[in-house]
Amino acid sequence: MKYILLLLLITGCSLYKNSSGKTYNGNDFKGIEQLVPIAAKDTSYTNYFNLRDTVTRDGWEIHYLAKNDSTRYTDAYIQWQKGDVKRVYKYNNALQFRGSFMPQLLEENDTHIFMEHWCATDCMAILALPKNSRDDAMDIEAIIGYNPEFGQFVYREYKNDGSVAATAIDLKRSKKKSVTFKNKTYSMGNSFVESIVFKGDSIVIVGEFFDKDSETVKEVQTIRF
């Protein structure tokens with residue numbers, strides 16, 4: 001199965017340090033009684049006045065909330081629940097960003113709900129919400145490809161020496177692997193990626209670079225789990 005996706009992202013579990021927010025178990029979250037719907041009859045939410053709650057195919061309810069205190073116009077809270085599981089993700093400063101920065105339902109598998117959102121100019125992200133009461137939500141930046149069925153995500157990293165690396169997170173295996181491309185002349189952003197093929201136990205990434213004569217050259221790197 002092949003997915004080519006020109007995207008980018010952020011998170012919160014041991015695989016990936018979350019800088020954007022924090023995960024709570026719903027009923028253990030102090031102040032949960034202060035959470036109110038975002039923009040409920042409040043036109044001050046210019047970017048989020050039309051924000052709507054949703055329900056996934058598997059019956060998970062997703063609610064967009066704010067805390068009725070001094071942070072009401074800065075921090076957003078995403079609550080997801082089904083049966084005995086009720087979780088809350090605090091997304092710091094989200095309400096100060098454009099509407100496209102708020103995560104929206106993308107896909108789900110048997111272990112996670114996936115939500116996509118912008119994270120900067122020419123940058124998108126996917127927030128992975130676990131369907132259990134143990135794991136933290138994971139919001140991953142700079143994604144260049146993903147496969148929700150396998151629970152695998154690949155994001156790019158720029159190295160200090162000018163090279164670019166592709167790092168893969170496998171949620172089902174709880175593993176992270178990285179490869180660094182040898183060629184160092186490439187287009188910024190995701191455009192250095194020609195294709196990504198997810199095979200389950202490996203991910204094949206084909207990158208496009210330039211040689212000293214500005215001719216296009218391809219480099220193949222494989223991440224194995």
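Buried means under 20% relative accessible area, exposed means over 50%, and partly exposed is what falls in between (1.4 Å probe, protein chains only). You're looking at a predicted model, where local features need pLDDT of at least 70, side-chain atom pairs count only at pLDDT 80 or more, and totals for chains, interfaces and linings use all residues. Residues are numbered from 1 along each chain as its sequence is written, and side-chain values use heavy atoms, with hydrogens and water left out.

**Confidence**
- pLDDT is the predictor's confidence in each residue, from 0 to 100; its mean for the protein chain is 88, and 92% of the residues reach 70 or more.
- Over residues 1–13, pLDDT stays under 50.

**Salt bridges**
- A salt bridge here is a side-chain nitrogen of Lys or Arg within 4 Å of a carboxyl oxygen of Asp or Glu, and the whole structure has nine of them.
- One of them joins Arg 173 to Asp 170, with the closest N and O atoms 2.7 Å apart.
- Arg 173 is partly exposed at 38% relative accessible area, while Asp 170 is buried at 1%.
- Glu 108 pairs up with Lys 131, and their closest N and O atoms are 2.8 Å apart.
- Glu 108 sits in strand S7 (residues 104–108) and Lys 131 in the loop between S9 and strand S10 (138–140), so this pair ties together parts 23 residues apart in sequence.
- Glu 108 is buried at 9% relative accessibility, and Lys 131 is buried too, at 14%.
- Asp 58 joins in as well: Asp 58, Glu 108 and Lys 131 are linked in a network of salt bridges.

**Nonpolar cores**
- A nonpolar core is a set of buried Ala, Val, Leu, Ile, Met, Phe, Trp, Tyr and Cys residues joined through side-chain atoms within 4.5 Å.
- The largest one has 24 residues, and those with the most contacts inside it include Ile 38, Trp 80 and Leu 95.
- A second, separate core has 17 residues, among them Val 154 and Phe 181.

- Strands are DSSP runs of E, at least two residues long, numbered from the N terminus, and two strands pair if DSSP finds at least two bridges between them.
- S15 and S16 (residues 202–210) pair over five bridges, and Phe 198 has Ile 203 in S16 as its bridge partner.

How values were computed: Helices (H or I, at least four residues) and strands (E, at least two) are DSSP runs, numbered from the N terminus. Contact means heavy atoms within 4.5 Å.
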